[in-house]
Structures are given as structure tokens and as C-alpha cells.
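Dear colleague,

Please find the structure below, handed over for your records.

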Amino acid sequence: MRFVATGDWQLGMTAHYLSAEARPRFHRARLDAVKRIGEIAAEQSCEFVIVCGDVFESNQLDRAIISRTFEVLSAFTVPVVLLPGNHDPLDAASIYDSPAFTSRQPAHVHVLRDSEAFEVVPGVEIVGAPWFSKRPQGDLVAQATQNLAEVAPGRTRIIAGHGAVSTLDPDRESLATIDVESLKAVLREDRAQFVALGDRHATYSVNECIWYPGAPEVTSRREDDPGNILLVDIDPQTHASSVEKVHIGRWSYLVVDEDVNSGDDVSRLERRLADIPDKDSSAVWLILRGTLTTAAKSRLDEVLDHATDLFALVSLWERHTDIAVVAADEDFADLGLSGYLQETLDELAVSAAGDAPTAPAAQDALGLLYRFARSGS
């Protein structure tokens, strides 16, 4: 018996940090990832798909997002089981109760609204732990599994949950932390054969039968292993299981860390950026440190301007970036400045070299003056 475990689709994710031009591509990529899940489920003879929470970014979304989601899910040839998570809980404003959802929900798409065993296909049941608010007052997975009996031979039971487990340093003030030892006892006593969890966006194995599949598309630069789904095989007779990670994500979030102290260093950074594939689906955060002459800093600005035109995002990570600019005489020697421009240059050079709060602004102004003078020379 094989199925797909996935989670944290967060359809409708704002991605406010991306440019207005890149956001529609990002939104489409998330739906395309869902489409690929359906294709893989068919190709790999999977019997169903479990989505372990946060199917949607929130409960307040444009109905077009729901319509597009169902348009993609309608092509699935297997049942799809959705678990409400912290982004889309079953509260009074639940997206799962909205007319846009209930009026168009395909027959093979099911929402786990309680923790009653749901027989997704003959012989296989799913016990879910849906969220009913953004701040549960207890371990929902423990509550869902506490009274489970041993699974009969020839049958399979899967637990679907959402949230941080106790072994991953969760929020100590959260009452919803999932107790790992309790889950291990459920598995050890053969009251379930596999646990699929959402909330962590990177693929992670708590143990051989407790997994976070992660988000099928990257959502943060802090994720270690995003963009995957899991193919899970369970033998109904022996209850032995195996897991295969399958990468389907097409977006990349990258952190580029470089020391830049010369024109050669700037050229090295330029080559590194040029070597990144699929730039229109890549977001890059830069950590740059060093001291550059005005000419080298001007060259760096040109490199970054060009990269901004190509990538979905190029952003200096300001908390970690520290570039000082020095006005070298040779930078301006051949530009033929005189009069007001030369006086401005002299004043900016003095300001840029000091420790005053205005020094960074003076350094930026020097770079602009250099580029302006060079373009007119």
C-alpha cells in the first residue's frame, strides 16, 4: 500500500518580499507543485494523498484561489485528504466552511473535521488531529490517539497531525507541542503504522515512522531541505514501512555570503550570481562584507542592478551586510571634475571617511556622483 504524504501547501501565500512582477509566478508555482503531486501519485500507483495541515495560507482568501485549487485537484485520480492546520483552522471563519469551498469541493477531496477514523480506501484508515483555533490548549495528536485500539491484521492506520514535536525545541509556551514519546508508544503498540506531520517546511524524520514531508515549494530562506513530498509504502500484513523522498520544488531561496574588498572580488560575486540557474524562480539574499573604493562600489551596484532585473529577488541582508566605501583619489582623477562637482566630491569624501551617522549616506552619494560623472565623461 503506497500513498503520498505532503503538507504546508499554503496556497495563496502573499510572499510580500517578492517584486510585484515575481509574485504571480510564485503563486502559480505552488499550484504547479500540487499538480505534480497528482501526476506522481498516478505514476507511482499511490492510493491516496494526505496533506498534513496549512493547505491554505489563511482562512481569508480570494475565492479565485479556492477555484484554482479545485481545478488542479479535480485532475487527481486518487482521494485527497486535507487536514486543517494553524493557518487554516476549523474556526468560525474556516475556509473549509465557506460557500466557495463547499459548493465546488470535488467528491474525492475530503477534509478531516474530527479525529474519527476515516477509511480513505478499503483497509486503510486515517486518524487526523485537525486544528480548531490558532492556539490549541493541548497536544491535539495525543488527544486524537489516546483511545486507539491495536490495528487488526491486514489493515493499516495512519496518523495525520500538525505542529512542532517535543524533540525539535518548540515554543515552550505552546500547549500544542506534540509529545514524541506518546507517539512512539502508539507505534510500538501497533495502534498505528505511520505518522505524517505538517508545520515544519523542511523534510525531517523524527524516527523511521514519524515524518515531516515538508512543503512542496520553498517558503523561507531558513529551510534546510524544502520542496519535497514523501512516497510511503506500508505492508498491510507485516506493517513494515519504507519512505522515499521525492523533490518536486522548482523555486530556490539562496543566501550568498561574500567578502568584497576589491574589483576582483566584485567580479567573483558577479560570476557566482551568473552561475545560478533558473533566475526568475530564485530569490537571493546577499551577505556582503568588506571595504571598496568608490569605483569598485559603483561596479558592485551595477552588478546588483543587473541581477535584480533577472532574479525573482535580490536583497542585501542588512543585519549582516557591512560594506565601507573609501574615496580613492585615482577613482576620480580621470573624470575631469571641476567647480561645484569637485567641491561636492571633496565634502562627500570627508563625510564618508568619518564615523558620523551620515557616513553611509555620504558613501552612497559618492557612488552616485562617480556613476553620474563617468556616464557624462
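The model is a predicted one, in which local features need pLDDT of at least 70, side-chain atom pairs count only at pLDDT 80 or more, and totals for chains, interfaces and linings use all residues. Residues are numbered from 1 along each chain as its sequence is written, and side-chain values use heavy atoms, with hydrogens and water left out.

The side chain of Arg 155 forms a salt bridge with that of Glu 125 (3.6 Å, N to O), a salt bridge being a side-chain nitrogen of Lys or Arg within 4 Å of a carboxyl oxygen of Asp or Glu. This pair links distant parts of the chain, 30 residues apart: Glu 125 lies in strand E6 (residues 124–128), and Arg 155 in the loop between helix H4 (140–145) and strand E7 (156–162). Helices (H or I, at least four residues) and strands (E, at least two) are DSSP runs, numbered from the N terminus. Glu 125 is buried, with a relative accessible area of 13%. Both residues belong to a network of salt bridges that also includes Glu 119 and Arg 157.

In the whole structure, the search finds 19 salt bridges. One of them joins the side chains of Glu 21 and Arg 25 (2.4 Å, N to O). Here Glu 21 is exposed, at a relative accessible area of 54%, while Arg 25 is partly exposed, at 25%.

Another salt bridge brings together the side chains of Lys 297 and Asp 301 (2.9 Å, N to O). The two are 4 residues apart in helix H7, so about one helical turn separates them. Lys 297 is buried, with a relative accessible area of 13%. Other buried residues in H7 include Leu 300, Val 303 and Leu 304.

Helix H7 has 17 residues (294–310) and should span 24 Å at 1.5 Å a residue; its end C-alpha atoms are 25 Å apart, which agrees. The expected span is 1.5 Å times one less than the number of residues.

Strands E14 (residues 282–293) and E15 (residues 313–316) run parallel and are joined by 4 bridges; strands pair if DSSP finds at least two bridges between them. From E14 the chain crosses through H7 to E15 in a right-handed β-α-β crossover, meaning that, with the strands pointing away from the viewer, the path from the first strand over the helix to the second runs clockwise.

Notes:
Buried means under 20% relative accessible area, exposed over 50%, partly exposed in between (1.4 Å probe, protein chains only).
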